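Q: I'd like to learn how to read helix packing and backbone angles in a model. Could you walk me through it?

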Amino acid sequence: MSKYNFYSTPAEKLDWQKIYKLSTDSDYETRLELTEFLAGVNNEHSEIVLLTLACDEDRLVRASACDSLYFSSSADIFMFLLNKTKTDSDFLVRGYAAMSAGDILSKLDIDSISKNEFISQMKKVFLREKSRWTKTSIAYALCVNGQSEHLNYIAEASADKKAQYRMQALNTLIDLTENYNIRIPPDVIDILTSNMDKETNAVVLEEFETVLNIKKNSLEKEYVDFLQREKNLYENGQKR
């Protein structure tokens, strides 16, 4: 535990001079806890401190700071995170930077040419990246910005030999479907079903069932909508 209770003061009454000082505290747990706290404080002061912490010497502090910047809607912070995705030495930092960059890009009010250029850069980073964890994170960022073909990569990652990467892939799919209403297409469902049949880890298997249940619920809604459309056609005399 850090020596400072961040949650004892309401966000609007925070002493930012003290917060800035804590961002360079010698205790890494204090810096790490600060990154987690600032994820819930959406303002410019918070962004400035998190940018400092995203360059911390400790990789977990950097990763957490990048993760916490997801709330931003700043083009400058997006560029900072995109650069982190390309250059940071740690795979965790690159992955969290990619996810937050994707979240921010999805909110940016920019012209389609600029957005397509950023997406093109992300795709190049995706192709160059070697880490499975980071690559899945970049695929997430691309999916939330309309590049749903990368769902296939995430689904294929659910067969990785390491359970933590399989879990990450499935949690990513849950995030995409629940928070971004991204529909999982049939070919991706086929990959997941095949991988689930081979799964031996009970915890991972439960995540497979959660993902496929989301799909099942989606299909049920589509079927109900289809029946309603058919009923409307009958009532309007357009079907015999």
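A: Happy to! One definition to begin with: helices are DSSP runs of H or I with at least four residues, numbered from the N terminus. Keep in mind that this is a predicted model.

Q: With that numbering, where is Asn-181 placed?
A: Asn-181 sits in the loop between α10 (163-179) and α11 (186-198).

Q: What is the phi of Asn-181?
A: The general idea is that most residues other than glycine have a negative phi. Asn-181 is not a glycine, yet its phi is positive, at about 55 degrees.

Q: Is Asn-181 buried or exposed?
A: Asn-181 is exposed, with a relative accessible area of 66%.

Q: Now to helices. How do α4 and α6 pack?
A: Two packed helices are described by the angle between their axes and the distance between the axes. Here the axes of α4 (residues 59-68) and α6 come within 8 Å and cross at roughly 5 degrees. Angles under 35 degrees count as roughly parallel, so α4 and α6 are roughly parallel to each other.

Q: Which residues of α4 and α6 meet?
A: On the α4 side they include Leu-60, Ala-63 and Cys-66, and on the α6 side Phe-91, Tyr-96 and Ala-97 are among them. By class, this contact of α4 with α6 has eight nonpolar, one polar and three charged residues.

Q: And at what angle do α6 and α7 pack?
A: Helix α6 (residues 91-105) and helix α7 (residues 112-128) pack at about 165 degrees, with axes 12 Å apart. That makes α6 roughly antiparallel to α7, and their crossing is left-handed. In this contact, Ala-101, Gly-102 and Leu-105 of α6 meet Lys-115, Phe-118, Ile-119 and Met-122 of α7.

Conventions:
Residues numbered from 1 in each chain as written. Predicted model: local features only at pLDDT ≥ 70, side-chain atom pairs only at ≥ 80, totals over all residues. Heavy atoms only, no water. Axes fitted to C-alpha atoms, helices over the stretch in contact; angles between N-to-C directions. Helix = DSSP H or I, 4+ residues; strand = E, 2+ residues; numbered from the N terminus. Parallel < 35°, antiparallel > 145°, perpendicular 65-115°, else oblique. Left-handed = near helix turned anticlockwise from the far one by under 90°. Contact = heavy atoms within 4.5 Å. Buried < 20%, exposed > 50% of the residue type's maximum accessible area, 1.4 Å probe, protein only. Nonpolar A, V, L, I, M, F, W, Y, C, P; charged D, E, K, R; others polar.
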